[in-house]
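Please keep the sequence and the structure in view while reading.

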Amino acid sequence: MKAGEPRRAAGQGTAQVPVLLLIEDDDCDAAAFLRAFRKAGLSNPIRRIFDGRAALDHLRERDESEARKVIILLDLNLPRMNGHEFLTELRKDPALRQAAVFVMTTSRDRRDVARAYDHNVAGYILKDGGAPELTEFVRFIGEYAELVLLPDVLIGTEADDGSG
């Protein structure tokens, strides 16, 4: 791959590039992630959803005939349904429970870390590192999407912006 060229998932056409579902209520944190995403040159579609309840609704409002690969980037401190509650519900749903989830949070609380890993998250990342660390994490997500074989998960096609 040439420098600056968008990443594509290995062995998969563009239609199979995993969707990145960013579940983040903070506009500044979401903007920082999107800047890092552009800087890393990833080609994955991104859908941002503002809270856990809207994210579950989005994931469950799907065309049963279409499955996609998805990587969920989840904040823990969310309105209406926090990240832990979201993970509990996600892992109960047979169509969604295998989704790859990375927690992105400011919480260093060891109980939050343990509880997240009890829900089989792929990683727990602290958001307070700054732009270089965030860009490195986003590059890692791109490499992760290329290297691992992700399960197909049924997901919705359009994200609700959470404002309604």
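The points below take the sheet, its helices and several individual residues in turn.

The model is predicted.

**Strand β4 and its partners**

- Strand β4 covers residues 100-105 and pairs with β5 in the parallel sense over four bridges.
- Two facing pairs can be located between these strands: V103 stands opposite Y124 in β5, and M104 stands opposite I125 in β5.
- β3 is also joined to β4 by four bridges, and these two strands run parallel.
- In that pairing, I72 is opposite V101 of β4.
- β4 is mostly covered, with six of its six residues buried.
- In a regular strand, side chains alternate between the two faces of the sheet.
- In β4, A100, F102 and M104 point one way, while V101, V103 and T105 point the other way, and all are buried.

**Helices and crossovers**

- A right-handed β-α-β unit is made by β3, α3 and β4.
- From β4 the chain crosses through α4 to β5, and this β-α-β crossover is right-handed.

**The buried face of α3**

- The buried residues in α3 are G83, H84, F86, L87, L90 and R91.
- Viewed down the axis of α3, these buried residues fall within an arc of 155°, so they line one face of the helix.
- An α-helix has 3.6 residues a turn, so residues three or four places apart point the same way.
- The cover over the buried residues of α3 includes β1, α2, β3, β4 and α4.

**D51 in its loop**

- D51 is located in the loop between β2 (46-49) and α2 (52-60).
- D51 counts as buried because its relative accessibility is 4%, and the cut-off for buried is under 20%.
- A polar atom of the D51 side chain lies 2.9 Å from the backbone nitrogen of R53.
- A polar atom of the D51 side chain also lies 2.7 Å from the backbone nitrogen of A54.
- Leaving aside residues up to four places away in sequence, D51 touches I23, L78, P79 and R80.

**Two loop residues with positive phi**

- R80, a contact of D51, is placed in the loop between β3 and α3.
- R80 has a positive phi of about 65°, although R80 is not a glycine.
- R80 is exposed, with a relative accessible area of 59%.
- N120 lies in the loop between α4 (110-118) and β5.
- N120 has a positive phi of about 60°, although N120 is not a glycine.
- N120 counts as exposed at 58% relative accessibility.

Methods: Residues are numbered from 1 along each chain as its sequence is written. This is a predicted model: local features need pLDDT of at least 70, side-chain atom pairs count only at pLDDT 80 or more; totals for chains, interfaces and linings use all residues. Side-chain values use heavy atoms; hydrogens and water are left out. Buried means under 20% relative accessible area, exposed over 50%, partly exposed in between (1.4 Å probe, protein chains only). A polar contact is a pair of N or O atoms within 3.5 Å; within protein, one must be able to donate a hydrogen and the other to accept it, and residues adjacent in sequence count only if both atoms are side-chain atoms. Contact means heavy atoms within 4.5 Å. Two strands pair if DSSP finds at least two bridges between them. The arc is that of the directions from the helix axis to the C-beta atoms. A crossover is right-handed if, with the strands pointing away from the viewer, the path from the first strand over the helix to the second runs clockwise.
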